Amino acid sequence: MAKSYEVNSVKSGNGKTQSQNTGDANAKTPAATSSGEELNRGNWGRPLEFTLACIGYAVGLGNVWRFPHLVFRNGGGAFLIPFVLMVLIIGLPIFFSELFIGQYSGLGPNKAYGRMAPFFEGLGMCTTIVITFVTIYYMVIVAWILFYLFASFTSDLSWGHCNHDYNTHRCFSSLEDIVCKQNNTNAPTDLIYWNRTCTEIDSICQDYGFMGKNGSFCFDNETNVEVPIRNVIHRVLASEEYYNEYVLGIGDATWSNWGYPRWQLVLCLLLAWIVAFFCIIKGIQSAGKVVYFTALFPYVTLTALLIRGATLEGAIDGVIFYIQPDWNRLLSPDVWADAASQTFYSFGIACGSLVTFASYNKFKNNCHTDAILVSTTNVLTAVFAGFAIFSILGFMAHNMDVSVSTVATEGPGLAFIAYPEAVLMMPLPQLWAVCFFLMMFILGMGSQFGGIEAINTAIIDRWPHLRKHKWRVTAGTCLFCFVAALPMVCNGGVYMFTLMEWHTASWAILLLGFAEIVIISWVYGIDRAFSNLTDMGIKFNRVMRGYWWVVWTIVTPIGSIGIFIFTMTDIKGTEYRDYVFPVWADVMGWMFGSATLLPFPIYIVFRYLQDKLTLKEFFQPSRKWGPQETTSLQDERRASSLSSMSAILKTNGIGASEFI
């Protein structure tokens, strides 16, 4: 295939024809473009800022509330084998491909993919729609976190008590049970908290047709089996009722009874967007400074939580439960599907943000090293977070006299139910609650910066004259996303949140990831991609080159489409707790997911009708493809590059007039 020393003739703003060399460059300086305004996009102040931004984007809430649970559910330490393999054959290859495309082209995904091959022009818009949906609902999680962060500063943590109007008779908490145990001296049987008071287990068992028994069990005379009291009366943690009934305010809300905006959540959502706006008000220049804090502070907090958790009674049980390998689980296809889905989820690939971040790199930045470093950091952080979280869950299970599996939940259940319950039993609970939710807030905001910048870049790349009004574009993006999220802070808002989460950043991005890797390996050409990487100063030894050739051309495309097929055959209807969504709501969810793919065929039809491209032209680079900036050194070499280019084109059977 043709090498990358391509000379593109383009029209400058004054109508004069200029040449553009896409070969070697030590730094990017303005080159001619069709509008003259695709210039001065800005760069990261230092390469470290880009690396930290990628870490902050990739290392997010999923590392804390999803990965530990998947490890526990899928064979403990044995799960690390399929997960690391999925990182190597899917996560890292797509991650690196996005960094390469963004850095080499100096463009966001909306323009980069279209110039790389016109057939894939809609791919950039697909990723932009995905990241827009994700940015909208992800900030709702940040709003929940802020709610808990403010609540953590109170003298008496509200989620530890059952004396509120929204609490039911099934409510209990560790604090309430401790009080009952302290008052147990004169009771004939153990006391637990039930029906808003300390109640004898014997009395509860008899009410439900069992014999009483000291401890946490009832006795079934017919079967001679001890039945745990929790299975008899089905108590609900106060922290769970606090989350569902007070924070979310679900009540009787359904799809037909949506309720009204929760003013507390509206204010938290507004504050989150204001903070995000001021953090990236100057685009990459301001975001590059913020990432030093957002990327590094969570590690300080996780370390503190791990040290504190390791000193708690029962912590070792939680850690053993977390890592104990069950090798038989590796025979289950669900384990491998979970490993693949976690790879997409935690790396944030196929969403356009990484292409956007890399587009602000200097041309000679070693994005290959960045990809390996960020991927390794992502995996190690997830494992590290698991030790911190499960040591605390082990302590919680010990105090509640239940199995770790009972409290080892994922997602919001871990962040807003299990952990808040655990801190109630720690010395200085307010301190540890503040530390945890501050860490979660920073993790969430770090991921949001990539989404907001991807949306801004898509807008400015489309209308370059808005570059001088960057702060207004940022304000408009934040305002739009804030308004779009308002339905999700109503009483029934969690249903819309769940619907978007299930359908927008799940099955659809598997197809987008497949398309991203196919365009490099089979459309643009793997040899041409290697040549472009060499132009950027990135060189591989024989082993590393062989690895990238195999995964980019064979393994990653097959793996991505295989996981997509498996996911679609096992997909279920959307639900939240015991509430199964109506069919029309599920249809709306499928429409959300389909909307992220719709631009792909639309752009193909549009380009055909507008430019009358032939099939061959659809799958070859546009004349505008290549670095958007060039150096004076390249200008001096341009004449000699022309003859080299002609020879390369002739070798590959491509006429110069076809390529230019």
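Modeller: This is a predicted model. The mean pLDDT of the protein is 82, and 86% of its residues reach 70 or more. Over residues 1-39, however, the pLDDT is below 50, although this stretch has 125 contacts in the model beyond near neighbours in sequence. Residues 630-660 also stay under 50, with 43 contacts beyond four places in sequence.

Biologist: Why should low-pLDDT coordinates be treated with caution?

Modeller: Where pLDDT is low, the predicted coordinates should not be read in detail.

Biologist: What makes W44 and F357 an aromatic pair, and which geometry do they have?

Modeller: Their ring centres are 5.5 Å apart, and the limit for a pair is 6.5 Å. The structure holds 59 aromatic pairs.

Biologist: How do you know that the pair links distant parts of the chain?

Modeller: W44 is in the loop between β3 (29-30) and α1 (47-58), F357 is in helix α15, and 313 residues separate them.

Biologist: Are W44 and F357 buried or exposed?

Modeller: Buried means under 20% relative accessible area. W44 has 4% and therefore counts as buried; F357 has 3% and is therefore buried.

Biologist: Why is the pair of W144 and Y243 called edge-to-face?

Modeller: The ring centres lie 6.0 Å apart and the planes stand at 85 degrees, so the pair is edge-to-face. W144 belongs to helix α6 (residues 121-151) and Y243 to helix α10 (residues 238-247), 99 residues apart. W144, at 1% relative accessibility, is buried, and Y243, at 3%, is buried.

Biologist: What can be said of S353, and is this residue buried or exposed?

Modeller: S353 lies in helix α15 (residues 353-359). Its relative accessible area is 0%, so S353 is buried. Leaving aside neighbours within four places in sequence, S353 is in contact with Y57, I131, G450, G451 and A454.

Biologist: Which charged side chains sit over aromatic rings?

Modeller: Among them is R235, whose charged end sits over the ring of F172, 3.8 Å from its centre. K612 lies over the face of Y608, at 5.7 Å from the ring centre.

Definitions and conventions: Residues numbered from 1 in each chain as written. Predicted model: local features only at pLDDT ≥ 70, side-chain atom pairs only at ≥ 80, totals over all residues. Heavy atoms only, no water. Helix = DSSP H or I, 4+ residues; strand = E, 2+ residues; numbered from the N terminus. Buried < 20%, exposed > 50% of the residue type's maximum accessible area, 1.4 Å probe, protein only. Contact = heavy atoms within 4.5 Å. pLDDT = per-residue confidence, 0-100. Phe/Tyr/Trp six-rings, centres within 6.5 Å; stacked < 30°, edge-to-face > 60°. Lys NZ or Arg CZ within 6 Å of the ring centre and 35° of its normal.
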